[in-house]
Amino acid sequence: MKDQQIFGALAPVVRQLDAQQISYCIGGSVASCLHGFVRTTMDADLLVDLRHDHVDAFVKALDTDYYVSAPMIVDAVSRRRSFNIMLYETMFKVDFFIAKARAFDQSALSRAQCKLISGATSTIEVRVASPEDLVLLKLEWYRKSNDTSERQWRDVQEVLKVSRDGLDIPYLRHWASELNLSELLEEALADAGAC
């Protein structure tokens, strides 16, 4: 996926999240790329603390350029599920995962790191999940796949390898325990040579 497509799809979304002071962090493959592990992607994943009172302004700001459904977003917020929007011009999809009412999601949002992404004529600052939170989020997805998603496991390994020297291992182990991912984390750390 070309950086221009990622920038084109994310920049208006990030500007609107910032304008509404909605906490968010980019996860998934885009975050992996911003942390130094490059792989192709056809979408962007965001963890967001989007609430009902945000929906109307969010939809109004984006509905000219994106396929966006207010009822779908309201349902996702109510049930703390996911929804997506799609940029008409490139069909690039942005997936939003509503933050759950758990301490880990709030921790991941508060620890997000600022990174710059550039388009053809401008640069914006975005909030990206920390390497530790990215690993934990990907381990959760791996677990949801019944420990079969090679892509998620490979991403975990690469993020651990790229970030090895700066990882907060006690933080990782604390949240892995809270999320019932301790065994998976230890296996991932050992496989990546990160412990």
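## The loop at T90

T90 sits in the loop between β4 and β5 (93-98); helices here are DSSP runs of H or I with at least four residues, strands are runs of E with at least two, and both are numbered from the N terminus. This is a predicted model, in which local features need pLDDT of at least 70, side-chain atom pairs count only at pLDDT 80 or more, and totals for chains, interfaces and linings use all residues. Residues are numbered from 1 along each chain as its sequence is written, and side-chain values use heavy atoms, with hydrogens and water left out.

T90 is partly exposed, at a relative accessible area of 28%. For this term, buried means under 20% relative accessible area, exposed means over 50%, and partly exposed lies in between, with a 1.4 Å probe and protein chains only. T90 and E186 are 96 residues apart in sequence, and their C-alpha atoms are 40 Å apart in space.

Let's turn to another loop. D49 belongs to the one between β2 (43-48) and α3 (55-62). With a relative accessibility of 13%, D49 counts as buried. Once neighbours within four places in sequence are set aside, D49 is in contact (heavy atoms within 4.5 Å) with I22, S23, H54, A99, Q106 and L109. From D49 to D105 there are 56 residues in sequence and 9.0 Å in space, C-alpha to C-alpha.

## Positive phi values

R80, in the loop between α4 (70-79) and β4 (82-87), has a phi near 50°, a positive value in a residue other than glycine. R80 is partly exposed, at 39% relative accessibility.

N146 also has a positive phi in a residue other than glycine, near 60°. N146 lies in the loop between α6 (131-144) and α7, and with a relative accessible area of 66% it is exposed.

## Two helix pairs

Helix α1 (residues 3-19) and α3 cross at roughly 150°, and their axes come within 10 Å. Axes are lines fitted to C-alpha atoms, for helices over the stretch in contact, and angles run from 0 to 180 degrees between N-to-C directions. That makes α1 roughly antiparallel to α3, since angles under 35 degrees count as roughly parallel, over 145 as roughly antiparallel, 65 to 115 as roughly perpendicular and the rest as oblique. P12, V13, Q16 and L17 of α1 meet A57, F58, A61 and L62 of α3. This contact has seven nonpolar, one polar and no charged residues, where Ala, Val, Leu, Ile, Met, Phe, Trp, Tyr, Cys and Pro count as nonpolar, Asp, Glu, Lys and Arg as charged, and the others, Gly among them, as polar.

Helix α7 (residues 150-163) packs on helix α9 (residues 182-192) at about 60°, with the axes 9 Å apart. That makes α7 oblique to α9. Their crossing is right-handed. On α7 the contact is made by W153, V156, Q157, L160 and K161, and on α9 by L184, E187, A188, L189, D191 and A192. By class, the contact of α7 with α9 has seven nonpolar, one polar and three charged residues.

## Cysteines

How many disulfides are there? The count is zero, with a disulfide taken as a pair of cysteine sulfur atoms within 2.5 Å. The sulfur of C33 is too far for a bond, because the closest cysteine sulfur, in C25, is 16 Å away. C114 is in no disulfide either, and its nearest cysteine sulfur, that of C25, is 11 Å away. C33 is partly exposed at 22% relative accessible area, and C114 is partly exposed at 45%.

Note on methods
A crossing is left-handed if the near helix is turned anticlockwise from the far one by less than a right angle, and right-handed if clockwise.
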